[in-house]
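Have a look at the whole fold before reading on.

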Amino acid sequence: MIADIVLVFHFAIVIFITSGFFLIPIGYKFNWIWVKHLKLRMFHFGMMTFVTFESLLGITCPLTLFENNLRGINEYPSFISYWIHQIIYWDLPSQFFIILYCVVLVWIFLLWKLFPPIIK
C-alpha cells in the first residue's frame with residue numbers, strides 16, 4: 001500500500017515536469033499568470049535538473065529505490081500501480097534517457113529565456 005502511494009507521488013512528479021513543457025508556452029500565449037511565477041518555474045527547472053544529473057551520473061531515482069524496497073521482490077503490484085509503472089518506466093537503453101533528459105533540460109532553459117517568470 002505504501003509502495004503504491006510512493007508510485008502515485010512519483011507519477012505526479014512526472015506529470016508536473018512533463019506538463020510544464022507544454023503549459024508554460026501555452027500559458028504565455030493566453031496570459032495565464034501562474035505560469036509566470038518564479039517559485040513554480042524554479043521548482044520545475046530544479047526538478048528537471050535533478051533528473052538529468054541523476055541520469056548522467058547513473059544514479060537511480062530515490063523514489064524508485066524507496067518504492068522497490070517497500071515492494072520487496074515477490075510482491076505483485078495492484079492494478080493501478082501496474083499501469084502507472086508501465087507509463088513511468090520504459091524499457092529503453094540508458095543512453096536514450098541521458099539524451100532525452102539533456103534535450104528536455106535545454107528546452108526548459110529555453111522556456112525560461114523565451115517566457116521568463118515574473119521576478120517580484
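**Helices and their contacts**

Leaving aside its neighbours within four places in sequence, F21 is in contact with H44, M48, V104, W107, I108 and L111, where contact means heavy atoms within 4.5 Å. Before going further, please note that this is a predicted model, in which local features need pLDDT of at least 70 and side-chain atom pairs count only at pLDDT 80 or more, while totals for chains, interfaces and linings use all residues. Residues are numbered from 1 along each chain as its sequence is written, and side-chain values use heavy atoms, with hydrogens and water left out.

Helices here are DSSP runs (H or I, at least four residues), numbered from the N terminus.

How do α1 and α2 pack? Helix α1 (residues 2-29) meets helix α2 (residues 38-57) at an angle of about 130°, and their axes lie 10 Å apart. Axes are lines fitted to C-alpha atoms over the stretch in contact, and angles run from 0 to 180 degrees between N-to-C directions. The two helices are therefore oblique to each other, as angles under 35 degrees count as roughly parallel, over 145 as roughly antiparallel, 65 to 115 as roughly perpendicular and the rest as oblique. From α1, the contact includes I13, F16 and I17, and from α2, L40, R41 and F43 are among the residues taking part.

Next, follow α1 to another partner. With helix α3 (residues 62-71), α1 packs at an angle of about 160°, the axes being 8 Å apart. That makes α1 roughly antiparallel to α3. Among the α1 residues making this contact are I2, V6 and H10, while α3 contributes residues including L63, T64 and F66.

Finally, look at H10, which sits in helix α1. Is H10 buried or exposed? With a relative accessibility of 8%, H10 counts as buried. Apart from neighbours within four places in sequence, H10 is in contact with C61, L63, T64, I88 and Y89.

Conventions
Buried means under 20% relative accessible area, exposed over 50%, partly exposed in between (1.4 Å probe, protein chains only).
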